[in-house]
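These are my notebook entries on a structure that I looked up.

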Amino acid sequence: MDTAFTASVFTKTSRSTTLRWNRYAGASSYLITVSLEGTQDIIAFTQFGENTVMGTVNSLSPNTLYVFTVQPLDNNQVPLDITTVQSLTAPELMDPIQKVKPKDSQTLIVEYNLVPGATHYIIRVQSSDSSYREETVYSSPAEINSLTPYTEYTLSIMAGNSGGRNQPSPSVTGKTVLSPLQLSTSGPSNDTIVISWDPIDSAVQYTVVMYDVSSNTPMKQNTSSNSVTFSGLDAGSLFMIMGYGWDAEERKGERSLYINQTTRPPMPASIDVSVVMSADQAILSVSWELNQVYGNVEYYVISDQNLTCNTTSSLCILSPVACGEVHTIQVLASNDAGPGYPSSPVEFITFPCAPESLALVESVEGNCTLSWDIEPYADSYMAYIKKWGGSELTCNTTSNTCNYHCQCGYTFHMYVFAYNHAGSSPQGPVVNYTTLPCCPDDVSVSLVSTETLEITWAASRGAELYETRVADISEVILCNDTAPVCALSDLSCDSSYSVVVTPCNDMSGCNYACKAHTKDTAPCMPLHIQLDHKNPSCVNVSWTTSNRDAIYIVSAMGQDEKHTCTSSGSSCELTDLPCGSIYEVTIIATSAAGQSLPSYFETLETEPCCPANPTVHQVTQAMTNVSWLHAKGAYSFITSLTSPRGHASCHTQDVHCLMGCITCSTNYTVTIEAFSHSGRSANCTYQGFSSSACCPSGVRVYKMDRNSLRLLWRNADSSHRYIAEMIGSNNYYNCTTSAGETSCNIENVQCGDIYLVVVAPLTREDSKVSFCAQRVYSVTCSGSDVGTVNYRGKRSVDDLMLAVI
């Protein structure tokens, strides 16, 4: 499929146009003809070979609209197709740029001549490193922006319209100026401003200009360093500051932006301090004169008592403050530049504290002195004294005391104010003081018990409490009560007391000017009772006492009887007292003043009675049981059996006693010692006792002829007869000796049995002693006769029965 033949404008200048087209099959050349728009006249033509698809038509006129006709031709120069293109040529070639000057460090101003037909202009800017850019502008002069400070550029210009642009004009050069200073400012004091900046490459000098805004007065400084200082300035003023640098060609660099800087505010003056009250709280009001300064100024008020406040006005409040404080106050002004110099310190003393420790003393009845602590920083005092239900007195003084007339029995309300230049203190503590109450009338003192006085009186004015003081030589006893009566029961016995009723109240204390009354107490109770037993029926009772004059009655109270004796001294005797009796002995002292309390009782025990009808029964050869009847007044007993061959005794509360270590065939003396609860004793001796005969020892059994056995022993007592017994499981054998014999024979003994053998002495009544030792023997058989006799040891009867079984 054939492609349609087309053509288009590739590029154009003020005097030429370049076209391009596509190949046409069979074409041997291409013909371009040129005519003016609106005419058919061909004013130019050109032809290109078969392989050319782009060609330029020259010698055209600037800013002219042409019609270009393009035809492909065959070998015979016959047109194969046709197409047309319209195009406007570029404006006329421009003159060189007339003038280039810097506007700032990044901008150049370019001036040039305009050309007809140009709709815009293209300025080509090339730097020293051969890089370039193009800026489109529309009028002269034009600005080229975003350049590098202090850099040289080559500039040329071209005119353009819808048809294109012309060739660049001859070039010119231009150079930007130094970059602007980046200023930094500060106000180190209230008359100084310091300006500094970073150094700029290629700058040989700097100029800083500062304007006082209030007067628009300029100040200028040139320097080769990177900072300047302006001094001697007005405090609290606003200044506008800018600066620029100079290069080696003495060209002024770009000017910096204006920045504002204030000097620090001036020192506050005319400081005034006063105390004011706000919501019942004391505060310090601090004020000062305001200076005419620029901008916002904040004031800081500082007290050395750790109080601060800040404000933008000329008044500031320090709170809270208390009485008696010394404040050193300074005011400091601060603005954007920083704080200025603080004001001169002002010392201020607050109002004094309320006087403390109010005290009132009645030096003499009716004359009172009010005193208080001296308060620091107080110049004077005002005391207010108001009688309850009466008038008010005032006392203005520079000291710390006031004297006034006061009557007994009245209450006064008192308080004191302190004053100084700052004003009055708070009201001090209110002291309620009641003057000394009046002495009571109709005082009566009576003895109501052994050591108790009852005092009564008529009530007195102003008394809230009565202190009854009862005193003798050695002690003082007080009784406090609100009633006009007092019973003092803790008094010393047998003493003469001075009784004073002292009226008191809480505020002023007690009136100690009231007269005394004298009264004696009853005798003292006798102490330290001593009982001395003269004999079993007579006791001497003695005691100690400090009574001045008294009679003593001694009483001994028993269960059913009473014994007494009386003395004016410190002892007496109680007689005819029975044995085994217990008494409580007490003593009472009497005198004209009354009767003492009974003494503490002492227990009196007489000797216990001896036990009646003691009996002695021998239990074993070495052990005896003694018994007796109970004895009046006896609590425990020591029973003794005494002989030349030994002694046995026991201590018990029972009426019997089991005693060991008794020697057989011995005569003993029987004694019983009875003891009372308090340890008193009665030693009683009775008829003697003889112990039983001794049991024999070494008992042996021997085999005799046929079925006979002989029992043999060692004689313990040749004056006694003995009985020998053999007890088997089914047989019983015995034999009895004459006095002094130590053996006997038993006939027809059954062999093959176990026997319990006992040898015991006989009493005079021929009864056997029952506690002699038993021995066990086994008798074996040899045929039908007794074989051997073997000793098996000592056993009980139960053991024997078990062995037989």
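**Entry 1: cysteine 610 and cysteine 684**

I looked up the link of cysteine 610 and cysteine 684 and found it left-handed, with -90° about the S-S bond. I noted that the model is a predicted one. The sulfur atoms of cysteine 610 and cysteine 684 are 1.8 Å apart, and the two residues form a disulfide. A disulfide is a covalent bond between the sulfur atoms of two cysteines.

I then looked up where the two partners lie. Cysteine 610 is in the loop between strand E54 (602-605) and strand E55 (615-620), while cysteine 684 is in strand E61 (residues 681-690). They are 74 residues apart, and the pair links distant parts of the chain.

**Entry 2: cysteine 493 and cysteine 524**

I counted the disulfides next, and the structure holds 17. One of them is formed by cysteine 493 and cysteine 524, whose sulfur atoms are 1.8 Å apart. The torsion about their S-S bond is about 100°, and the disulfide is therefore right-handed.

Which parts does this pair tie together? Cysteine 493 lies in the loop between strand E43 (485-488) and strand E44 (496-505), and cysteine 524 lies in the loop between strand E46 (517-520) and strand E47 (527-535), so the parts tied together are 31 residues apart in sequence. Cysteine 493 and cysteine 524 are both buried.

Cysteine 751 is in the loop between E66 and E67, cysteine 781 is in strand E68, and 30 residues separate them. I recorded cysteine 751 as buried at 9% relative accessible area, and cysteine 781 as partly exposed at 39%.

I also looked up cysteine 538, which is in no disulfide; the nearest cysteine sulfur belongs to cysteine 565 and is 9.6 Å away. Cysteine 538 has 8% relative accessibility and so counts as buried.

**Entry 3: nonpolar cores**

Which members of the largest nonpolar core touch the most other members? I found Leu709, Leu711, Trp713 and Met726, out of 21 residues. Among the strands that each supply at least two residues of this core are E63 (709-714), E64 (722-727) and E67 (753-761). In soluble globular proteins, nonpolar side chains tend to be buried together.

I listed the contacts of leucine 711, leaving aside neighbours within four places in sequence; they include Val701, Met726, Ile746, Val757 and Val759. A second, separate core has 20 residues, including Val273, Ala282, Trp288 and Leu318.

I looked up the largest pocket, which holds about 430 Å³ of space. It is lined by 18 residues, and Ser691, Ser692, Ala693, His720 and Arg764 are the closest to its centre. I recorded 10 polar, 4 nonpolar and 4 charged residues in this lining.

The second largest pocket holds about 200 Å³. Its lining includes Asp560, Glu561, Tyr583 and Lys632. By class, I noted 5 polar, 3 nonpolar and 3 charged residues there.

Technical notes
Residues numbered from 1 in each chain as written. Predicted model: local features only at pLDDT ≥ 70, side-chain atom pairs only at ≥ 80, totals over all residues. Heavy atoms only, no water. Core = buried A, V, L, I, M, F, W, Y, C linked by side-chain atoms within 4.5 Å. Buried < 20%, exposed > 50% of the residue type's maximum accessible area, 1.4 Å probe, protein only. Helix = DSSP H or I, 4+ residues; strand = E, 2+ residues; numbered from the N terminus. Contact = heavy atoms within 4.5 Å. 1 Å grid on protein atoms, 1.4 Å probe; cavity = no way out; pocket = protein on both sides within 12 Å on 5 of 7 lines; lining within 4 Å. Points joined across faces, edges and corners; volume = space filled by probe spheres on them. Nonpolar A, V, L, I, M, F, W, Y, C, P; charged D, E, K, R; others polar. Disulfide = S-S within 2.5 Å.
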